[in-house]
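The sequence and the structure are shown first.

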Amino acid sequence: LKSLQDMNSKLSALATAAGGLSDATAWNPITVTSSSTLVTATAGSAAVPGPLTFTVGHTARPHQLSFSNTVALNAVVTTGSTKVRLDRLDGTTVDLDTGDGTLQGLVNALNGSGTGVKASTVRLDDGTYRLQVTASTTGAASDFTLKNLDGSDLLGGPVVTAGQDAEITVGTDVLHSATNTFSNVANGLTVTLSSTVAAGTVVNLDAQQDTAGMTKS
């Protein structure tokens, strides 16, 4: 019985290895090294060996609102009604019912399913709280506004940190991505930036054919 189990395990491993060779990338294996530990790159099936150099402009970030006035969690912050309007500026709006109109009710409503934003509060030394609302996605298209249903400002209005696309420069071309990943940016390579990589960082990638890995497979 043990011998049959061992044989079954080996046959399963063989089948997995054979299945791996059905992938086109197995016959064109490319390994990529990066001069920066904060930038990674992977090779697709159409990747070709060779160098790629680019400069990081900036990383992607989400749109964020930080509201001016601070209040207690149980303070009523809505006017006119207990509802607020979230305008995602892509032509869609969502009217959210805060229940009792308080800051805590507003946070709960914003963190509900399908809003596309996340709300949090920062407790200050005087015991009041500041509302911050951040888009769930990054990029310039993540922008939104949040107001009372009658169009008036909530909590004195927000300080806006606009969402932005990630940016890299390859040669004379400036490329953008809503996330920190640039798919098939050049030579069949997909590049991913860490959120902490500094602007102005020059990155050198080197794609080489992995013949040893192909032989082993």
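The coordinates come from a predicted model. Helix α2 spans residues 103-110, and six of its eight residues are buried, so the helix is mostly covered, buried being defined as under 20% relative accessible area. The buried positions are L103, G105, L106, V107, A109 and L110.

The loop between β6 and α2 contains T102. With a relative accessibility of 7%, T102 counts as buried. The T102 side chain reaches the backbone nitrogen of G105 at 3.1 Å. Leaving out residues up to four places away in sequence, T102 touches L73, N74, A75, V76 and V77.

## The four-stranded sheet

Four strands form an open sheet in the order β7-β8-β4-β10, with antiparallel pairing. At the edges stand β7 and β10 (158-161); each has a single partner strand, so one side of each is left without a neighbour in the sheet. On average, neighbouring strands of this sheet are turned by 20° against each other, direction ignored. In general, strands of a sheet pair through backbone hydrogen bonds, in either the parallel or the antiparallel sense.

The antiparallel pairing of β7 with β8 extends over seven bridges. R123 has Y129, in β8, as its bridge partner.

## The loop between β7 and β8

The loop between β7 and β8 contains D126. Is D126 buried or exposed? With a relative accessibility of 57%, D126 counts as exposed. The side chains of D126 and T128 are joined by a polar contact of 2.7 Å. From C-alpha to C-alpha, D126 and V71 are 9.8 Å apart in space, while 55 residues separate them in sequence.

## The three-stranded sheet

A further open sheet has three strands in the order β6-β5-β9, again with antiparallel pairing. Its edge strands are β6 and β9, each of which pairs on one side only. From one strand to the next, the twist averages 25°.

Strands β5 and β6 run antiparallel and are joined by five bridges. Within this part of the structure, V84 stands opposite L96 in β6.

## Nonpolar cores

The largest nonpolar core holds 23 residues, of which F67, L103, L110, L131, V133 and L146 touch the most other members. At least two residues of this core are supplied by each of β4 (64-67), β5, β6, α2, β7 and β8. Helix α2 provides the largest share, five residues. A second, separate core contains 20 residues, including V39, V170, F182 and V185. In soluble globular proteins, nonpolar side chains tend to be buried together.

Which residues are in contact with F67, leaving aside its neighbours within four places in sequence? The contacts of F67 are R130, L131, V133, L146, L154, L155, G157 and P158. Among these, L131, V133 and L146 are also listed with F67 as core residues that touch the most other members.

## Salt bridges

How many salt bridges does a search of the whole structure find? The search finds three. One joins K2 to D6, with the closest N and O atoms 3.0 Å apart. K2 and D6 are separated by about one helical turn, because they lie four residues apart in helix α1 (residues 2-20). K2 is exposed, with a relative accessible area of 57%, whereas D6 is partly exposed, with a relative accessible area of 36%.

D95 forms a salt bridge with R85, in which the closest N and O atoms are 2.7 Å apart. This pair links distant parts of the chain, as D95 belongs to strand β6 and R85 to strand β5, 10 residues apart. D95 counts as partly exposed at 38% relative accessibility, and R85 counts as partly exposed at 35%. D153 forms a salt bridge with K147, the closest N and O atoms lying 2.8 Å apart. D153 is partly exposed at 42% relative accessibility, and K147 is partly exposed at 31%.

Conventions: Residues numbered from 1 in each chain as written. Predicted model: local features only at pLDDT ≥ 70, side-chain atom pairs only at ≥ 80, totals over all residues. Heavy atoms only, no water. Buried < 20%, exposed > 50% of the residue type's maximum accessible area, 1.4 Å probe, protein only. Polar contact = N/O pair within 3.5 Å; in protein donor to acceptor, adjacent residues only side chain to side chain. Pairing = 2+ DSSP bridges. Axes fitted to C-alpha atoms, helices over the stretch in contact; angles between N-to-C directions. Contact = heavy atoms within 4.5 Å. Core = buried A, V, L, I, M, F, W, Y, C linked by side-chain atoms within 4.5 Å. Salt bridge = Lys/Arg side-chain N within 4 Å of Asp/Glu carboxyl O.
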